[in-house]
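Subject: Structure handover

Hi,

Here is the structure for you to look through. My notes on what was found follow below.

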Amino acid sequence: MRRIAVTGIGAVTPIGNDAETFWQSIKDGVCGIDKVTHFDASGYKTQIAGEVKNLNVEDYIDRKEVRKMDKYAQYAMIAATEAVKNSGLDMSKENPWKVGVITGSGIGGISTFEDQHTNLMEKGPGRVSPFFIPMMISNIAACNIAVKFGAKGVNLNVVTACASSTHSIGEAFRHIQYGDCDVVIAGGAEATVSPTAFAGFCNMKAMSTNNDDPKHASRPFDAERDGFVLSEGSGFLVLEELEHAKNRGANIICELVGYGATDDAYHITSPVPGGEGGAMAMQMALDDAGITPDKIDYINAHGTSTKYNDQFETEAIKKTFGDAAYKLAVSSTKSMTGHMLGAAGAVEAIVCAKAISEGYIPATINYKNPDPDCDLDIVPNEGRVQNVDYAMSNSLGFGGHNATIILKKYCG
């Protein structure tokens, strides 16, 4: 079976608008959560979010193109462009039919939907933008990226809620394994810090209401956690067949070696008690990689800071890893970034890639009150220097969608 290398990474996040700044913030334990500024949230139960900050989109994308893109697609374009640049990929030397793009976005262009609905209601149907549909649809980021780079291979968008971009990476992995592509630009983007999305999540009572202390609101695995913190951003990776990468002299960050995908078939929002769906996704990824559970050094958990996710994901890890679960480092970087929904998995895959390449395991910050139901080594508050040969990343989405990938240190 063909081996797959990770050769490029790019990120736009609440704690850094490029991959290296983002990773340094992760190591420094920086929290990007603060009061909402994108709209007036004073009437909402939750008034905090992880917003992208200090990003002048026109520094990266031509002004005319910016006007045709929803914010989520702008984030995707910036992160994907960084990943391609980081990879050193030269499209003039590639067979474009062998270069694909697979994106993930749980919601897509919701800000565009809001703006154009306001136009419709206040000004009439003639004032709805002709770009409304292509700006709103969640596959358009994949189109934009393909057009920019001339990538004519597989082009897909995955919509599996919070698991979207982990699925996009896994599906890219398969397309390269099967020989459909030599290279796939894979990742996800989300921009849902918007009035309608916020109202929906607030009324579900899913988000933290720790408005007076936003830096400590996202508390995965802590007994006092009171919900997730919505955030926005994008992450992309360049995946390519290993020999293809070696032949062009690419810098190989790590390998992608396993992928598992399941569904709980239980409930539209709640994970299944006991975490059997997540456990099966992890087991499938281990089997795909051809390794035993004791080989995994680090898990970047989905770790949303909600009561049921953190408890049931802990149970799923124990179910899959048995006694080895207590020897694992299991952290949630959502404690720093908040929850980027469909973009979360790709951003967290970047964390795993950097953890492997630098030998550093990031912390779960904001941990103060132990929860007996979440009793694994969650790397509390301080990251640690530690060799990482294999890292696993979990994503669990509304609808019961579970996705797991495994990355491995590249040893030649």
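Helices here are DSSP runs of H or I, at least four residues long, numbered from the N terminus. The model is predicted.

Start with helix H7, residues 164-177. It reaches 20 Å from first C-alpha to last, close to the 20 Å expected. Of its 14 residues, 13 are buried. Just after H7, Gly 179 takes a positive phi of about 90°.

Next, the nonpolar cores. The largest has 54 residues. Ile 169, Leu 237, Leu 239, Tyr 298 and Leu 407 touch the most other members. Helix H13, residues 344-358, gives the largest share of this core, with 10 residues. Apart from it lies another core of 34 residues, including Met 77 and Val 99.

Now the salt bridges. The structure holds 18. Glu 348 pairs with Lys 334, with the closest N and O atoms 2.8 Å apart. Glu 348 lies in H13 and Lys 334 in H12, so the pair ties together parts 14 residues apart in sequence. Glu 348 is buried, at 3% relative accessible area. Lys 334 is buried as well, at 0%.

H13 also holds Glu 358 and Lys 354, 4 residues apart, or about one helical turn. Their side chains meet in a salt bridge at 3.4 Å, N to O. Glu 358 is partly exposed at 37%, whereas Lys 354 is buried at 8%.

Best wishes

Key. Residues are numbered from 1 along each chain as its sequence is written. This is a predicted model: local features need pLDDT of at least 70, side-chain atom pairs count only at pLDDT 80 or more; totals for chains, interfaces and linings use all residues. Side-chain values use heavy atoms; hydrogens and water are left out. A nonpolar core is a set of buried Ala, Val, Leu, Ile, Met, Phe, Trp, Tyr and Cys residues joined through side-chain atoms within 4.5 Å. Buried means under 20% relative accessible area, exposed over 50%, partly exposed in between (1.4 Å probe, protein chains only). Helices (H or I, at least four residues) and strands (E, at least two) are DSSP runs, numbered from the N terminus. The expected span of a helix is 1.5 Å times one less than its number of residues. A salt bridge is a side-chain nitrogen of Lys or Arg within 4 Å of a carboxyl oxygen of Asp or Glu.
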